[in-house]
Amino acid sequence: MTDYIPKDDVTFGFLDHAPEAIPERPLTAWEQSAIAKLLAADFPERLQLRAQAERLIVTGRCPDCPTVEFRVAAQVPPAVADDNTPMTGVVPFAIQGKLDDGMGYMVLLHVSGGYLRELQTYRGDSGPLPVTPDIQACTLLRIPGRDDEVGSLTDAATDSAASTD
């Protein structure tokens, strides 16, 4: 019997993004920093997802970028909306920045069935991204089109984005 919730048969990704299975490992400092920044913003499920973030095990990594897939410890409850529906999709905020070559990048945090599943990083031109972008030198932005009442950036998220200027 496993201590972890099995990964759903859900495919995430952008264009040719294809994480490959790797030996399980804990999050790197960069992955922890990116997830913490995305979960610092104000949205309804953030506290539930923060509890999961402390229990993530990386299970896959894209060979061309820092994108990783993970599992969450089974004893952590799923992130659910007020109507008890498990959260699915991406958290309503993204990290955006520019690489040294001037190309933009974005970092998204995916959720499936109420559980964190993938930290996706990609270049604006869909090319390989062999480096981990500087999370401190980026902007946190709200993803438009969410059906829930997310509102605007919180003071913490705004302060984080402003400190990179």
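## Cysteines and disulfides

A disulfide is counted here when a pair of cysteine sulfur atoms lies within 2.5 Å. In this model, which is predicted, the number of disulfides is zero. For Cys65, the closest cysteine sulfur is that of Cys62, and because the two sulfurs are 3.5 Å apart, where a disulfide would need them within 2.5 Å, they are too far from one another for a bond.

Cys65 has a relative accessibility of 8% and therefore counts as buried. Cys138 likewise counts as buried, because its relative accessibility is 2%.

## The buried face of helix α2

Helix α2 covers residues 46-53, and its buried residues are Leu49, Gln52 and Ala53. When the helix is viewed down its axis, these buried residues fall within an arc of 100°, which means that they line one face of α2.

What do the buried residues of α2 pack against? Their partners include another helix, α1 (29-38), and they also pack against the strands β2 (56-61), β3 (68-72), β6 (104-112) and β7 (115-123).

## Gln120 in strand β7

Strand β7, one of the elements against which the buried residues of α2 pack, contains Gln120. Is Gln120 buried or exposed? With a relative accessibility of 2%, Gln120 counts as buried, because the cut-off for that class is under 20%.

The side chain of Gln120 is joined to the side chain of His110 by a polar contact of 2.7 Å.

Technical notes: Residues numbered from 1 in each chain as written. Predicted model: local features only at pLDDT ≥ 70, side-chain atom pairs only at ≥ 80, totals over all residues. Heavy atoms only, no water. Buried < 20%, exposed > 50% of the residue type's maximum accessible area, 1.4 Å probe, protein only. Helix = DSSP H or I, 4+ residues; strand = E, 2+ residues; numbered from the N terminus. Arc of directions from axis to C-beta. Contact = heavy atoms within 4.5 Å. Polar contact = N/O pair within 3.5 Å; in protein donor to acceptor, adjacent residues only side chain to side chain.
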